[in-house]
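Dear colleague,

A summary of the findings follows it.

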Amino acid sequence: MTESSSANGTVQTRIAATFARCRAEGRAALVTYVMAGDPDPETSLKLLEALPDAGADIVEFGLPFTDPMADGPAIQAAGLRALKGGHGVAGTLDLVRRFRERNAGTPVILMGYFNPIHTYGVERFIDDAVAAGIDGLIVVDLPPEEDDELCLPALAKGLAFIRLATPTTDEKRLPAVLANTAGFVYYVSITGITGTATPDFGKVADAVGRIRRHTSLPVVVGFGVRTGADAAAIARGADGVVVGSALIDALRSSLDGEDRAQAGTVEAVTALVRDLAAGVRRAAKD
């Protein structure tokens with residue numbers, strides 16, 4: 001079975017400790033996704049700092065990219081807003097570094113695509129990510145066949161490399177997907193892009209059970225979760241619930257006509273996070 005440790009034996013301690021705490025509380029973890037630099041770096045930092053207090057257990061921080069093929073319109077637009085402001089890899093790492101000055105415990109997972117990392121330089125990126133306080137990576141366009149490119153070097157430096165499993169990942173493919181996965185397994189609950197459909201919660205629970213037969217890692221579920229009720233339904237059968245597009249939509253709705261943050265922008269997002277966190281905790285009581 002796959003274990004939550006890197007190739008050199010270094011355990012991804014913040015991730016493992018978070019899931020252990022959630023298990024001790026009898027509940028799933030809430031994983032929240034926001035785009036780095038959206039709508040501007042300072043607001044993005046305030047939001048990053050506010051998410052744990054609102055109930056997020058783990059934060060996925062999106063790395064802006066011009067061609068996010070797995071993402072729906074909401075996250076595509078968020079990335080373009082960040083890029084329009086000149087935000088990229090260096091700025092994203094700086095935000096995490098500043099976040100770590102006040103928060104040493106919340107895991108931060110950088111989620112994005114390989115092109116910006118390749119342009120930045122893989123070895124430089126890994127070293128800078130570790131120094132900034134990033135715990136793991138989700139790079140959606142690097143399959144297991146390309147593990148030498150980033151996955152194995154990242155694991156060697158203590159970064160978790162988190163892989164996606166989907167409804168089309170069959171029993172033959174699953175072992176390859178899990179081979180070098182660390183931290184947790186991210187199950188994509190729908191076939192398609194983010195934020196475009198609501199999952200069949202019964203089928204999701206069955207899929208999580210199937211994945212658990214192949215790994216001891218926590219299995220978290222994302223894509224299509226928008227409300228506290230959705231989060232509760234997923235939380236009853238998974239180790240974690242990921243919410244992204246709904247939070248991006250809440251942020252976008254709070255911006256002015258020129259996509260600038262307003263006084264209520266951070267609260268617009270954290271209010272939804274509180275509802276999602278309540279749903280996860282309600283599922284534990286049920």
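Cys22 is buried, at a relative accessible area of 1%, and for Cys151 the relative accessible area is 1%, so this residue is buried as well. Please note that the model is predicted. The count of disulfides comes to 0, the criterion being a pair of cysteine sulfur atoms within 2.5 Å.

Leaving aside residues up to four places away in sequence, the contacts of Tyr186 include Glu60, Met111, Ile138, Ile162, Arg163, Val220, Phe223 and Val242.

On helix packing: the axes of helix H4 (residues 89–100) and helix H6 (residues 122–132) come within 8 Å and cross at roughly 25°. Angles under 35 degrees count as roughly parallel, and H4 and H6 are therefore roughly parallel to each other. From H4, the residues Val89, Leu93, Val96, Arg97 and Arg100 meet Phe125, Asp128, Ala129 and Ala132 of H6. Sorted by class, this contact of H4 with H6 has 6 nonpolar, no polar and 3 charged residues.

Arg173 is 40 residues apart from Arg213 along the chain, and their C-alpha atoms are separated by 14 Å.

With kind regards

Conventions: Residues numbered from 1 in each chain as written. Predicted model: local features only at pLDDT ≥ 70, side-chain atom pairs only at ≥ 80, totals over all residues. Heavy atoms only, no water. Buried < 20%, exposed > 50% of the residue type's maximum accessible area, 1.4 Å probe, protein only. Contact = heavy atoms within 4.5 Å. Axes fitted to C-alpha atoms, helices over the stretch in contact; angles between N-to-C directions. Helix = DSSP H or I, 4+ residues; strand = E, 2+ residues; numbered from the N terminus. Parallel < 35°, antiparallel > 145°, perpendicular 65-115°, else oblique. Nonpolar A, V, L, I, M, F, W, Y, C, P; charged D, E, K, R; others polar.
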